[in-house]
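Subject: Structure handover

Hello,

Please find below the structure I said I would pass on. My notes on it follow.

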Amino acid sequence: MAGRMVGGSAALAALVRPASAPDPAVGHRLLPVAPELTGLLPHRGLRRGSTVAVTVGQPRRSGGTSLVLALLAEASRAGSWCAVVGVPTFGAGAAAEAGIALDRLALVPHPGPEWPTVVAALIDGVDVVVTAVPHTVSAPVADRLAARARQRGCVLVPYGRWTGADVTLQVVRGVWEGLGAGRGRLRRREVTVSARGRGAAARPKEITMWLPGDGLTRVVPPAASAVPAATAGPRPGGFTVVGSG
């Protein structure tokens, strides 16, 4: 089943609970993430009410979409509803391969000028809302959406430049595996993901991990990572973490 394409306020209203309704998940403040990503998040999961931005590197196709898929997969498997707004290239097939439940995925590829209204409506009733950040978004609008997410217990995941996020994730390096001398097939990508933020996430971190096409995200063992030995050190679980201090 493909993810639900949502258009118009009536369709959104059918997905979200009334604003006055109690949040049934209020007692479960953390949504799970893949074990490989726990070291990047201060609470080792997606804390309800938080804003976790995924910035787009240069070139634009830098692995950000793969990181979003990996970020959503475990929460979706555990029963959470997810929504993706303003990302027309976000494919239901890739989402399914990553382990995202398509019957709990809402897609709004073209929100148009009502983008803030669409995102706000989804925040009211969806556990995780991923949204591309329009170039025209103002700081007051961004602040209001983040405040609404805190109030409603939703995890807001801006995809693009976003000031004031609790945690900002970015793929800073990526190398594909599988191509030989002019031939072969892309199988997986070794990426280095950085995390920075505020409060409990103020200390910068990096991990090197695989984002393979079969949906099995794995941390790269230290021996396979190209992280300089002077700044890297093994941590429990057999992966490499780089950070200050």
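The protein has five helices and 14 strands. Please keep in mind that this is a predicted model.

Some overall figures come first. There are 245 residues in the protein, and buried residues make up 50% of them. The accessible surface comes to about 12,100 Å², and carbon and sulfur atoms account for 56% of that surface. I also looked at contacts between residues at least 6 apart in sequence: 62% of these join residues at least 24 apart.

Next, the cysteines. A disulfide is a covalent bond between the sulfur atoms of two cysteines. The structure holds zero disulfides. For C82, the nearest cysteine sulfur is that of C154, 9.4 Å away. For C154, in turn, the nearest cysteine sulfur is that of C82. A disulfide needs the two sulfur atoms within 2.5 Å, so at 9.4 Å C82 is in no disulfide, and C154 is in none either. Both residues are buried: C82 has a relative accessible area of 0%, and C154 has one of 1%.

The last item is a loop residue, T51. Where does T51 lie? The loop that holds T51 runs between β3 (46-47) and β4 (52-54). T51 counts as buried, because its relative accessibility is 3% and the cut-off for buried is under 20%. Leaving aside residues up to four places away in sequence, T51 touches A146, L156, P158, W162, A165, D166 and V167.

Regards

Note on methods
Residues are numbered from 1 along each chain as its sequence is written. This is a predicted model: local features need pLDDT of at least 70, side-chain atom pairs count only at pLDDT 80 or more; totals for chains, interfaces and linings use all residues. Side-chain values use heavy atoms; hydrogens and water are left out. Helices (H or I, at least four residues) and strands (E, at least two) are DSSP runs, numbered from the N terminus. Buried means under 20% relative accessible area, exposed over 50%, partly exposed in between (1.4 Å probe, protein chains only). Contact means heavy atoms within 4.5 Å. Accessible areas come from the Shrake-Rupley method with a 1.4 Å probe; for residues, only the protein chains shown count as cover.
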